Amino acid sequence: MKLGMARGEVCLRVSAILVLVLTACLVALDTQTKVVFISIEKKATYKDLNALKILVYVTCAAAGYNLLLLCKHSIWSRKNFKGSYLCMAWICFSLDQIAVYMTFAANTATMGAAVLAISGSEAFQWLKVCDKFTRFCVEIGGALLCGYAASMLMALISTISAYKVFRMYSPKWFLRLKSA
């Protein structure tokens with residue numbers, strides 16, 4: 001059971017890294033240039049919207065975090081650290097939770113900004129951006145789908161981390177470790 005769960009966690013982390021990197025690349029490398037007036041050109045990039053910049057930073061940080069955990073997993077499996085396993089399990093569980101919430105929050109904030117880019121807002125006199133930069137908006141939509149997929153993969157990883165932490169406690173006594 002332990003080996004199967006460890007392999008599953010490694011596969012989920014590798015998948016999450018790939019999808020997070022794909023999300024960051026789709027957002028960061030997406031540009032579109034349009035002629036606005038006779039010879040005036042406007043270029044749309046991720047730097048034009050703060051939510052897109054934050055999404056790139058958060059997804060890169062989450063991918064780096066998962067890569068570090070993969071390295072920890074390979075080192076941890078070779079050595080026997082019985083005394084610090086509980087502490088490390090709690091730290092990994094907490095950091096996994098933070099990573100899930102941060103990526104989900106960044107994707108949701110970007111989704112809100114994308115809705116404004118699609119529909120505009122007459123009250124604030126914001127124009128519909130996606131009428132002019134259609135390809136840019138479609139690619140950002142694909143990046144958001146990848147971002148939510150990465151959030152779901154990381155939620156599964158967090159579930160495995162929770163299982164690792166709480167299986168060490170007794171089912172009969174509240175917050176008492178199991179006897180060896």
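Reader: With which residues is Arg13 in contact, leaving aside its neighbours within four places in sequence?

Author: Arg13 is in contact with Tyr65, Asn66, Leu69, Leu70, Asp96, Ile157 and Ser161, where contact means that heavy atoms lie within 4.5 Å. The structure is a predicted model, in which local features need pLDDT of at least 70 and side-chain atom pairs count only at pLDDT 80 or more, while totals for chains, interfaces and linings use all residues. Residues are numbered from 1 along each chain as its sequence is written, and side-chain values use heavy atoms, with hydrogens and water left out.

Reader: Why is Arg13 called buried?

Author: Arg13 has its place in helix 1, residues 2–28, a helix here being a DSSP run of H or I of at least four residues, and a strand a run of E of at least two, both numbered from the N terminus. Its relative accessible area is 1%, and buried means under 20%, exposed over 50% and partly exposed in between, with a 1.4 Å probe and protein chains only; Arg13 therefore counts as buried.

Reader: What makes Val14 partly exposed rather than buried?

Author: Val14 also lies in helix 1, but its relative accessibility is 35%, which falls between the two limits, so Val14 counts as partly exposed. In space, the C-alpha atom of Val14 is 7.8 Å from that of Asn66, although the two residues are 52 apart in sequence.

Reader: How do you know that Thr110 and Asn107 count as buried?

Author: Both have their place in helix 3, and the values are 1% relative accessibility for Thr110 and 0% relative accessible area for Asn107; each value is under the limit, and each residue is therefore buried. Not counting residues up to four places away in sequence, Thr110 touches Ala51, Leu52, Leu55 and Leu144. With such neighbours again set aside, Asn107 is in contact with Leu55, Leu144, Gly147, Tyr148 and Ser151.

Reader: What makes a set of residues a nonpolar core?

Author: Such a core is a set of buried Ala, Val, Leu, Ile, Met, Phe, Trp, Tyr and Cys residues joined through side-chain atoms within 4.5 Å. The largest one here has 17 residues, and Val27, Tyr46, Leu52, Leu55, Phe136, Ile140 and Leu144 touch the most other members. Helix 2 (50–78), helix 3 (85–119) and helix 4 (134–166) are the elements that give two or more residues to this core, and helix 4 gives the most, with 5 residues. A second, separate core has 16 residues, including Leu20, Ala63, Leu69 and Ile157.

Reader: Which residues does Phe136 touch, not counting residues up to four places away in sequence?

Author: Phe136 touches Asp30, Thr31, Gln32, Ala44, Thr45, Tyr46 and Leu52.

Reader: Which residues does the "transmembrane region" annotation cover?

Author: According to the unreviewed UniProt entry, the annotation covers residues 12–29, 49–71 and 142–166; positions are given in the numbering used here, feature names are shortened, and annotations may be inferred rather than shown by experiment. In the model, residues 12–29 are 94% helix and 0% strand, with end C-alpha atoms 25 Å apart, while residues 49–71 are 96% helix and 0% strand, with end C-alpha atoms 34 Å apart.

Reader: What pattern does the protein chain follow, read along the sequence?

Author: The pattern is α-β-β-α-α-α, in keeping with a count of 4 helices and 2 strands. Of the 180 residues, 38% count as buried, and among contacts between residues at least 6 apart in sequence, 73% join residues at least 24 apart.
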